[in-house]
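Hi everyone, thanks for coming. Please have a look at the model on the screen, and then I'll walk you through a few parts of it.

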2 protein chains.
Amino acid sequence: MTITTAIKQLKHSLPQDSWTDDIGLIAPYLREWRDRWQGDTPFLVLPKSTQEVIDCVNICQQQQASLCLQGGNTGLVGGQIPKSEILLSTKNLVNQRQQTPETLTVEAGQTLTQIHSLAAKENKIFPLSLASEGSATIGGLCSTNAGGIHVVRYGSMRQLVSGLEVVLADGSIVNTLNPLKKDNTGYALTDNFIGAEGTLGVITAASLKLFPKPTHTNTLFVAISKPQKAIELYFTLKNTFPTELSAIELIPELAIAWVLKLTNQLSRPFKENHPWYLLIEFESFNLESNLKIEECFNSFLQRKVVLDVVMANSLRQAQQLRSIRESISASQKKIGQSIKHDISVPVEKVASFIQLASKAVIEYIPNCRPLAFGHIGDGNIHFNVMQPIELSASKYLSHWETMNIIVHDIVVSLGGSISAEHGIGILKKAELVSRYPNKVKHMLRLKNAFDPNNLFNPRLLF
Amino acid sequence: MTITTAIKQLKHSLPQDSWTDDIGLIAPYLREWRDRWQGDTPFLVLPKSTQEVIDCVNICQQQQASLCLQGGNTGLVGGQIPKSEILLSTKNLVNQRQQTPETLTVEAGQTLTQIHSLAAKENKIFPLSLASEGSATIGGLCSTNAGGIHVVRYGSMRQLVSGLEVVLADGSIVNTLNPLKKDNTGYALTDNFIGAEGTLGVITAASLKLFPKPTHTNTLFVAISKPQKAIELYFTLKNTFPTELSAIELIPELAIAWVLKLTNQLSRPFKENHPWYLLIEFESFNLESNLKIEECFNSFLQRKVVLDVVMANSLRQAQQLRSIRESISASQKKIGQSIKHDISVPVEKVASFIQLASKAVIEYIPNCRPLAFGHIGDGNIHFNVMQPIELSASKYLSHWETMNIIVHDIVVSLGGSISAEHGIGILKKAELVSRYPNKVKHMLRLKNAFDPNNLFNPRLLF
């Protein structure tokens with residue numbers, strides 16, 4: 001009965017355009033794009049201000065009616081999909097609060113693409129870049145400590161946010177919104193909420209760091225013989241171009257083949273097929289870097305460190321090369337079902353990981369097709385294992401948990417993480433608890449400190 | 001009686017070379033170099049391993065005997081000086097734990113200078129740089145979220161640490177030591193302990209991020225007419241050399257005069273005196289930057305943006321210029337007593353702050369001599385107000401709290417922070433509580449989560 005009373009009170013307290021119980025309107029919020037979770041909720045709240053969030057939280061706290069929090073609904077671990085809880089979407093929190101020469105303070109519902117535009121108006125960049133940037137919102141990006149392709153140079157959200165506004169379960173506000181670069185007055189409250197997947201509070205606004213806009217960008221596609229070459233190349237480039245290297249993405253031939261099969265707009269970067277590729281990006285502020293990059297890769301080619309190189313000579317070509325990388329996830333979905341892993345290991349161990357994990361999954365399910373791609377400079381590999389042609393999708397997917405355990409055992413033996421950037425959510429909750437019992441114990445200290453009644457996202461993390 | 005029992009048990013449990021009750025040996029740990037605090041303790045523990053820290057914490061927790069934590073004893077806000085608590089110094093935790101191509105994991109007692117040497121052996125740098133680096137230890141630097149002159153490019157300790165080992169009050173360990181660049185398995189535990197001034201746990205080890213060693217460094221001394229010029233210059237340089245600008249320090253003429261009066265080794269960078277100066281440093285990885293920097297400052301000179309420029313043409317000259325900046329604090333101490341402020345405001349408001357605060361303190365105490373210097377690119381100014389010649393030191397220092405309030409009122413009105421990098425400690429505790437009651441409430445959530453019995457540094461922060 002408590003949830004019924006809460007809904008009654010919410011309808012009474014909030015403006016009519018800040019909620020809905022219309023099943024048709026709610027439906028899109030209950031599915032995520034990978035179709036792995038289907039949720040349900042009796043009620044959707046879409047607050048337009050921090051005060052409306054506070055009102056909603058106070059009512060739900062009083063009635064002990066849990067809230068599921070959602071940003072742009074692009075999460076990959078099921079955290080944003082309600083299961084009978086009231087759903088609170090922050091996508092209508094869209095005001096811009098403040099701008100200084102080096103920061104931008106916006107409400108949680110702004111999309112990453114909107115932030116890119118706001119930054120561009122000031123001739124600055126906000127460097128976070130990921131495939132879902134048109135839908136992903138600042139609130140969700142903070143809550144998941146989002147990464148993307150530019151982490152190698154700029155870091156993840158935790159490094160890109162200088163402050164937050166958060167509504168806690170008791171209706172109070174943590175406000176660290178702040179254009180200051182240095183502030184040592186007490187504890188670092190902000191970082192607790194970044195990557196907490198909405199379990200500690202509702203992020204309603206964020207101060208984002210802006211960076212000077214590079215004057216030159218170089219985008220290259222490079223063919224290599226094996227992942228170990230990619231690691232060596234990463235360390236060489238990081239030492240030679242430490243401030244310029246802004247992306248280095250590993251791509252296997254199979255991924256390219258699938259992307260091209262399903263997209264008419266893209267074409268193969270090289271005439272011949274090669275076993276592995278790297279998409280590499282450099283950002284710089286002087287013309288000299290251009291020449292140095294060209295020289296460097298010519299020398300790699302001569303010394304057979306790389307098998308072939310394409311350097312984009314137009315923005316359009318650069319965008320095409322980038323699109324190949326960005327289309328990998330979407331193309332896989334069309335090919336069939338895959339069991340996914342989002343892992344990281346120390347960079348120097350990426351090749352060992354790919355080799356060991358590929359061998360292990362093929363031993364477990366013969367003819368499955370492992371696809372390892374991603375952010376090699378961060379040691380972060382998306383290891384997605386495609387179903388064998390002869391196996392039905394549902395039969396194959398029933399192996400999800402067991403295969404995860406096989407792969408994650410290898411990750412842990414290499415000193416790695418079982419969730420590099422997508423988070424824990426529903427998907428990896430059991431493994432978090434079983435693999436990191438000590439960490440979970442410490443996490444519970446924080447959960448109890450900020451949300452002792454488990455009001456927010458009660459099914460997550462623990 | 002509890003502390004007596006604790007000491008008895010500590011003597012029994014710990015090796016003899018891990019503690020002392022010899023007053024003579026303890027004495028140096030009870031004074032800090034600015035001579036503002038004089039402490040006392042019946043017992044000093046100097047653990048040599050994490051296990052010894054755990055043993056010590058368990059005994060003290062059981063006997064409810066509080067611990068004061070100390071690193072290299074270079075703190076500026078009195079946090080490291082015990083007042084009857086048992087003193088735990090982490091300076092004998094000196095092992096190196098692990099090294100990867102881009103991280104270094106060391107125990108808390110290593111000094112910053114030792115870390116610089118270890119990094120140099122790998123042809124890398126650990127970019128934190130501050131005057132006390134020969135004594136300051138990693139544990140203390142983490143606990144105070146230390147900054148220094150390179151924050152403008154590399155950030156403070158919170159950005160430079162990738163993981164910690166921390167002993168909590170219940171004897172359990174938070175271990176996030178980790179060479180991984182991405183790890184989204186649960187909450188960001190690490191950052192709670194960075195800048196917590198030892199109130200949440202004992203930092204026993206840290207994983208530090210290493211960076212490629214720049215191939216070229218340019219050190220300049222620039223004369224300018226007023227602080228507003230420094231702000232304009234910062235924004236211009238940050239846009240022109242966003243990856244090269246590694247330090248930009250504001251220095252008033254009075255500071256130079258005092259430094260030179262007290263040091264024979266240093267000489268005035270310009271023949272003439274100018275009202276204000278900037279020490280500027282660029283780090284780069286190509287020779288072209290050198291030429292561009294020279295061109296840029298020649299143009300500033302021609303357009304009278306700056307009054308004069310010296311570019312160091314040898315490592316020795318660069319070190320001399322840097323020494324002028326680094327000697328400011330020490331020279332002031334010899335000149336007389338000063339009332340200090342370590343504040344930050346948004347960078348664009350630094351000139352307003354200096355003007356308003358200087359006027360206000362002179363109105364409050366005629367003939368006092370405000371000295372504003374420091375990290376202009378971070379908006380972080382050390383605003384130290386020297387005693388008037390006619391006033392006795394003790395009489396002058398009795399105005400400390402009132403002057404702090406006058407200056408901090410201006411800081412807060414400009415959206416700034418009353419502690420930019422030195423922390424809160426004993427010095428600013430009353431102001432923290434009165435100015436940020438809401439923040440303190442949230443901080444208490446964390447204190448209760450990690451140290452509910454107030455075992456660590458019980459007199460700090462709250």
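Buried is under 20% relative accessible area, exposed is over 50%, and partly exposed is in between, with a 1.4 Å probe and protein chains only.

A quick word on the source: this is a predicted model, where local features need pLDDT of at least 70 and side-chain atom pairs count only at pLDDT 80 or more, while totals for chains, interfaces and linings use all residues. Residues are numbered from 1 along each chain as its sequence is written, chains are lettered from A in the order in which they are written, and side-chain values use heavy atoms, leaving out hydrogens and water.

Back to A:Met157. Leaving aside residues up to four places away in sequence, A:Met157 touches, among others, A:Phe126, A:Leu128, A:Ile138 and A:Leu208; contact means heavy atoms within 4.5 Å.

Now, how many residues of chain A are in contact with chain B? The count is 79, and they meet 80 residues of chain B. The area buried between the two chains is about 6100 Å², and carbon and sulfur atoms give 55% of that. Buried area here is the accessible area, again with a 1.4 Å probe, that two parts lose on being put together, summed over both. In chain A, A:Lys182, A:Asn184 and A:Tyr187 lose the most area to chain B, together 17% of what that side buries.

For those who like charges, the rule finds six salt bridges across this interface, a salt bridge being a side-chain nitrogen of Lys or Arg within 4 Å of a carboxyl oxygen of Asp or Glu. A:Asp170 forms a salt bridge with B:Arg445, with the closest N and O atoms 2.8 Å apart.

Finally, two residues of chain A. A:Gln387 sits in the loop between strand E19 (380–386) and helix H15 (393–397); helices (H or I, at least four residues) and strands (E, at least two) are DSSP runs, numbered from the N terminus. A:Gln387 counts as buried because its relative accessible area is 11%. A:Ala330, in helix H13 (residues 328–335), has 38% relative accessibility, so A:Ala330 counts as partly exposed.
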